[in-house]
Amino acid sequence: MSTKVALITGGSKGIGFGIAEALLKNGYQVAITSRTINAANLAASVLVAHGDVLAIEADVKDYKSQQDAINLIIEKWGRLDVLIANAGVGHFAPVDELDVESWNEIIDTNLTGVFYSIKASVEEIKKTKGTIFTISSLAGTNFFAGGSAYNASKFGLTGFTQSVMLDLRKYGVKVSTIMPGSVASHFNDHSPNTEDDAWKIQPEDMGKLIVDLLAMPARTLPSKIEIRPTTPKG
Ligand SMILES: NC(=O)c1ccc[n+]([C@@H]2O[C@H](COP(=O)([O-])OP(=O)(O)OC[C@H]3O[C@@H](n4cnc5c(N)ncnc54)[C@H](OP(=O)(O)O)[C@@H]3O)[C@@H](O)[C@H]2O)c1
């Protein structure tokens with residue numbers, strides 16, 4: 001049987017990197033994207049210790065770059081089994097202080113960018129009866145002050161993914177949305193630190209979650225999964 005292939009948007013660090021590492025350790029060939037080839041190559045230089053990895057510069061805000069990424073993967077490996085639509089950004093400010101550029105970047109990345117990556121890959125994933133994961137957030141079901149743009153993008157993404165799940169299951173394609181709480185990553189210019197280790201979900205935990213979900217029986221479709229720290233700070 002051919003080796004399975006996964007694409008992770010935003011695999012240069014954080015959650016995407018953790019998922020890439022876990023999939024490689026479980027025998028997948030893995031493509032990761034980033035907004036810059038340098039960041040993608042740097043991550044790939046670490047990930048290559050675990051298997052066959054392809055670094056791609058592709059901004060999820062640019063539909064053509066998503067199509068080019070899929071073409072590169074098909075040229076190299078001939079198939080695509082799993083898409084992890086993970087790339088995301090956050091800027092947090094009360095709505096009266098939120099600037100237009102921040103709003104657009106969040107919606108274009110977290111919502112439209114996921115549509116673009118699914119649109120570009122869906123025909124290949126139909127061929128393999130594969131799986132699509134979107135990385136939403138608990139912010140896709142719980143709103144908070146200062147989170148208007150991020151909440152809008154993740155509420156939208158949660159609804160979008162559930163609809164896509166209903167569209168694609170007739171092709172044998174599974175679509176799941178993952179809704180994490182706090183993960184120790186570089187999100188919003190954070191630097192993971194020892195304090196994070198005490199309570200936050202770690203990127204490798206997100207990797208284990210994806211590997212475990214992919215191992216579910218073919219007849220089951222875990223469509224929406226919330227995952228949160230067991231003991232949140234404060
Ligand atoms: N950390 C949390 O607590 C948390 C909780 C719930 C949900 N999430 C979600 O998890 C996802 C991953 O975030 P993270 O926590 O791992 O943050 P992170 O450490 O900042 O990683 C974000 C990743 O997304 C990539 N990225 C950002 N914009 C992109 C674009 N336009 N095109 C392609 N790649 C892009 C970044 O790559 P480059 O910078 O190299 O371009 C990086 O690889 C996001 O969707 C986020 O909303 C995070």
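The model is predicted, so local features need pLDDT of at least 70 and side-chain atom pairs count only at pLDDT 80 or more, while totals for chains, interfaces and linings use all residues. Residues are numbered from 1 along each chain as its sequence is written, and side-chain values use heavy atoms, with hydrogens and water left out.

**Around F187**
- F187 is found in the loop that runs between β6 (174–180) and α6 (194–199), where strands (E, at least two residues) and helices (H or I, at least four) are DSSP runs numbered from the N terminus.

**Around T161**
- T161 has its place in helix α5, which spans residues 148–168, and T161 is buried (under 20% relative accessible area), since its relative accessible area is 1%.
- The side chain of T161 reaches the backbone oxygen of L157 at 2.7 Å.
- Apart from neighbours within four places in sequence, T161 is in contact (heavy atoms within 4.5 Å) with T134, V175, S176 and T177.

**Around the ligand**
- The ligand is surrounded by 30 residues, each with a heavy atom within 4 Å of the ligand, and the closest are S12, I15, S34, Y150 and S185.
- An N or O atom in the side chain of S185 is 2.5 Å from an oxygen atom of the ligand, whereas for D59 a side-chain N or O atom is 2.8 Å from a nitrogen atom of the ligand.
- A backbone N or O atom of N86 lies 2.8 Å from an oxygen atom of the ligand.

Technical notes
Buried < 20%, exposed > 50% of the residue type's maximum accessible area, 1.4 Å probe, protein only. Polar contact = N/O pair within 3.5 Å; in protein donor to acceptor, adjacent residues only side chain to side chain.
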